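Work through the exercises below with the coordinates open. Each task is followed by a solution in steps.

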Amino acid sequence: MKTLKKVWDAFVKGYTWVELNFIAAFTMIIGVLIIYEVIIRALGFQGIKWMEEMGRFMLVVTTTIGCSYAARENGHMVMDTFYQLLKPRAAYCLKSVAYFISGLLYSYMGYYAIQWCVRLFKMKKKMESVNFPTYVMWIFVCIGLCTMGLRYFIETGKCAGRAVKGAQEFTEVNTKEN
């Protein structure tokens, strides 16, 4: 059991590293291209044809993957006053229900995002401004939505465990849950 936990922890650490570095690198690359685009247009030259579409692509991908990371780190904004009014066990129960519903919602959206990605692949749909397959963007959206659903299910288990153990204090409001 300890070996399985070590493998899982190593996987989560590696995936988190890839996730954060992907977001940072992708944002930096698009940021540099946007600055280049502004300078080129300011000098009176025609800009990069596909820059606007790539900017939207970057926004969608980094937001989706960033939200997945925020779900793991419990970095989403929450209305936590209600949790403070409840007894700790009830607060953890309610939070686990909220996480479970979120897990279902994001898993459902991830499932349909995968279906859409497959459909785009089969249609051989390409981006209008460049001859690049559209489904590639959707692969990242699918990963973001599915990992967000998985992470909410994991947080559901953590909160349910605290409720079952009868935690004496509810301190997990808008902070990372270990």
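The model is predicted: local features need pLDDT of at least 70, side-chain atom pairs count only at pLDDT 80 or more, and totals for chains, interfaces and linings use all residues. Residues are numbered from 1 along each chain as its sequence is written, and side-chain values use heavy atoms, with hydrogens and water left out.

**Exercise 1. Overall fold**

Task: Determine which elements the protein holds and how spread out the protein is.

Solution. 
1. Assign the elements as DSSP runs, numbered from the N terminus: helices (H or I) need at least four residues, strands (E) at least two. The protein has 5 helices and 0 strands, in the order α-α-α-α-α from the N terminus.
2. Take the radius of gyration over C-alpha atoms and compare it with the globule rule, 2.2 Å times the number of residues to the power 0.38. The protein has a radius of 20 Å, well over the 16 Å that the rule gives for 178 residues, so the protein is more spread out than a compact globule.
3. Check the extent: the C-alpha trace spans about 65 × 40 × 30 Å along its principal axes.

**Exercise 2. Aromatic pairs**

Task: Classify the ring pairs Trp-8 with Phe-11 and Tyr-106 with Tyr-152.

Solution. 
1. Apply the criteria: rings of Phe, Tyr and Trp (its six-membered ring) pair if their centres lie within 6.5 Å; planes under 30 degrees apart count as stacked, over 60 as edge-to-face and the rest as tilted. The structure holds 10 aromatic pairs.
2. For Trp-8 and Phe-11 the ring centres are 5.8 Å apart and the planes stand at 35 degrees, so this pair is tilted. Both residues lie in helix 1 (residues 2-42), 3 residues apart, about one turn of the helix.
3. For Tyr-106 and Tyr-152 the centres are 5.8 Å apart and the planes at 10 degrees, so this pair is stacked. Tyr-106 in helix 4 and Tyr-152 in helix 5 are 46 residues apart, and their pair links distant parts of the chain.

**Exercise 3. A loop residue**

Task: Locate Lys-124 and decide whether Lys-124 is buried or exposed.

Solution. 
1. Lys-124 sits in the loop between helix 4 (88-123) and helix 5 (135-165).
2. Its phi is positive, about 55 degrees, although Lys-124 is not a glycine.
3. With a 1.4 Å probe and protein chains only, buried means under 20% relative accessible area, exposed over 50%, and partly exposed in between. Lys-124 has 67% relative accessibility and therefore counts as exposed.
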